[in-house]
Amino acid sequence: MSQSPSEESSTTPPATPVSPSAGVLYVGIDLGTSRTSVAASNGVRVTLASYVGYPKDVVSKKLLQRDVLYGDDAIEHRLSLDLYRPLEHGVLKASEEGSAEDAGNLRAARDLLIEAIHRARPRKDELVYAVIGAPAQASITSKNAIVGIARDCVDSVMLCSEPFAVAYGQDMLDDVLVIDIGAGTVDLCRMHGTMPEDTDQITLETAGDFVDGKLAELVRENHPGAQFSDRMLKDIKERHSSVAEVMQPVLVTLPVAGKPTEFDMTAEIQAASRAIVPPIVDGLGKLVGSFDPEFQERLKGRVLLAGGGSQIKGLDLAIEREMVERLGGGKVSRIEEPLYGGANGALKIAHDMPEEFWEKLK
Ligand SMILES: Nc1ncnc2c1ncn2[C@@H]1O[C@H](COP(=O)(O)OP(=O)(O)OP(=O)(O)O)[C@@H](O)[C@H]1O
Ligand SMILES: [Mg+2]
């Protein structure tokens with residue numbers, strides 16, 4: 001199976017690792033529905049798909065030679081695995097006292113976190129202090145569950161709201177609007193120098209999975225013979241998505257009754273990508289309109305785009321254009337490393353946090 005480059009686990013040494021306190025490895029973690037990203041004070045940055053799989057039986061275990069598979073590896077071998085995607089909208093799917101499925105999800109979430117930390121390569125003698133970004137609107141139960149699983153893998157932990165981490169990473173904490181476009185949700189959050197409250201946030205379901213669904217619908221309608229899987233379409237989207245007025249033709253080869261055939265999917269890709277713009281601008285309008293009128297203009301001028309879905313080509317300009325039309329102005333910037341925005345910000349919080357704020361676990 002072909003792998004999308006953005007879904008692979010990868011380790012990228014940054015230009016300048018931050019100097020950690022002796023004996024402590026600080027890690028910032030973004031636990032997402034589709035991807036878990038980690039930025040650590042030793043310079044390691046890793047991202048892996050948020051999937052965990054366990055061999056179904058002795059045959060598959062013998063074949064795979066492993067007890068647990070993670071990320072793309074797990075997706076690739078899914079037919080031989082009990083496969084879990086333990087986070088839904090970035091919230092743990094399970095509660096401590098839940099069903100067998102809940103227990104499976106909890107175990108998978110714990111294993112995912114252990115693996116993410118392991119890939120940050122802590123030294124044997126190092127303590128691990130983690131800041132984990134949770135969705136801004138995550139319930140207390142879900143936050144407790146995340147702290148609960150963190151207990152088994154780190155020495156000290158703090159949770160922070162995900163958009164707060166993104167804004168903190170950019171040194172923009174007052175009068176800024178963060179748009180985090182993930183797989184399951186688009187989270188819009190208004191920041192004004194304090195921790196965001198419920199009224200500062202809007203969550204939309206029109207995120208990456210929604211674009212995939214829309215694209216599948218259009219391809220089925222316009223190219224009835226084309227055969228594809230969800231993953232194949234997602235790969236096509238990640239390679240070509242664009243909301244630009246004029247885009248390069250998107251020519252894709254898909255089988256028709258087993259025979260590779262070329263299709264022009266320019267129009268479908270453009271329409272599916274564009275579908276996420278109007279709901280975002282609706283949400284921005286609500287957050288701006290209910291803000292102190294004196295600061296509304298400033299807020300509109302400081303919109304930050306983050307998350308994997310923000311990589312759609314031309315998206316910043318398209319949102320800006322629609323803001324100008326409907327809200328009378330707007331300035332949208334894309335953060336530099338959209339996939340690591342949450343993790344980088346969480347790492348920065350970890351560094352700046354005084355010792356007494358850490359919850360010690362062991
Ligand atoms: N180049 C790209 N163009 C368009 N979309 C992309 C691109 N790369 C990744 N995506 C999409 O971004 C989404 C994943 O983004 P991200 O990793 O931020 O999500 P997440 O944090 O796991 O999800 P959530 O925030 O909903 O929990 C997926 O829908 C994926 O297809
Ligand atoms: Mg996310």
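Me: Which helix gives the most residues to the shell around ligand 1?
Reply: Helices (H or I, at least four residues) and strands (E, at least two) are DSSP runs, numbered from the N terminus, and in this predicted model helix 7 (residues 230–240) gives the most to the shell around ligand 1, with three residues. Residues are numbered from 1 along each chain as its sequence is written, while chains are lettered from A and ligands numbered from 1 in the order in which they are written. Local features need pLDDT of at least 70, side-chain atom pairs count only at pLDDT 80 or more, and totals for chains, interfaces and linings use all residues, with side-chain values taken from heavy atoms and with hydrogens and water left out.

Me: How many residues surround ligand 1, and which are the closest?
Reply: A residue is near a molecule if one of its heavy atoms lies within 4 Å of it; here 21 residues surround ligand 1, and Thr33, Ser34, Lys237, Glu238 and Gly308 are the closest.

Me: Which polar contacts does ligand 1 make?
Reply: A polar contact is a pair of N or O atoms within 3.5 Å. An oxygen atom of ligand 1 is 2.9 Å from a polar backbone atom of Arg35, and an oxygen atom of the ligand is 3.1 Å from a polar backbone atom of Gly309, whereas a nitrogen atom of ligand 1 is 3.0 Å from an N or O atom in the side chain of Ser241. The protein covers 94% of the 660 Å² of accessible area that ligand 1 has on its own, as given by the Shrake-Rupley method with a 1.4 Å probe.

Me: How should I read the order of the five strands in the open sheet?
Reply: Strands of a sheet pair through backbone hydrogen bonds, either parallel or antiparallel, and two strands count as paired if DSSP finds at least two bridges between them. The open sheet of five strands has the order 14-13-12-17-18, with mixed pairing, and its edge strands, strand 14 (201–204) and strand 18 (332–334), each pair on one side only. Within this sheet, strand 12 (residues 174–181) and strand 17 (residues 303–306) pair in the parallel sense over four bridges, and Asp180 stands opposite Ala306 in strand 17.

Me: Which strands does helix 5 touch?
Reply: Contact means heavy atoms within 4.5 Å, and helix 5 (residues 162–169) packs on the sheet, touching strand 12, strand 13 (186–192) and strand 17.

Me: What is the order of the open sheet of three strands?
Reply: This sheet has the order 6-5-7, with antiparallel pairing, and its edge strands are strand 6 (69–70) and strand 7 (81–84). Strand 5 (residues 52–55) and strand 6 pair over two bridges, with Gly53 opposite Leu69 in strand 6.

Definitions and conventions: Axes are lines fitted to C-alpha atoms, for helices over the stretch in contact, and angles run from 0 to 180 degrees between N-to-C directions. A polar contact is a pair of N or O atoms within 3.5 Å; within protein, one must be able to donate a hydrogen and the other to accept it, and residues adjacent in sequence count only if both atoms are side-chain atoms.
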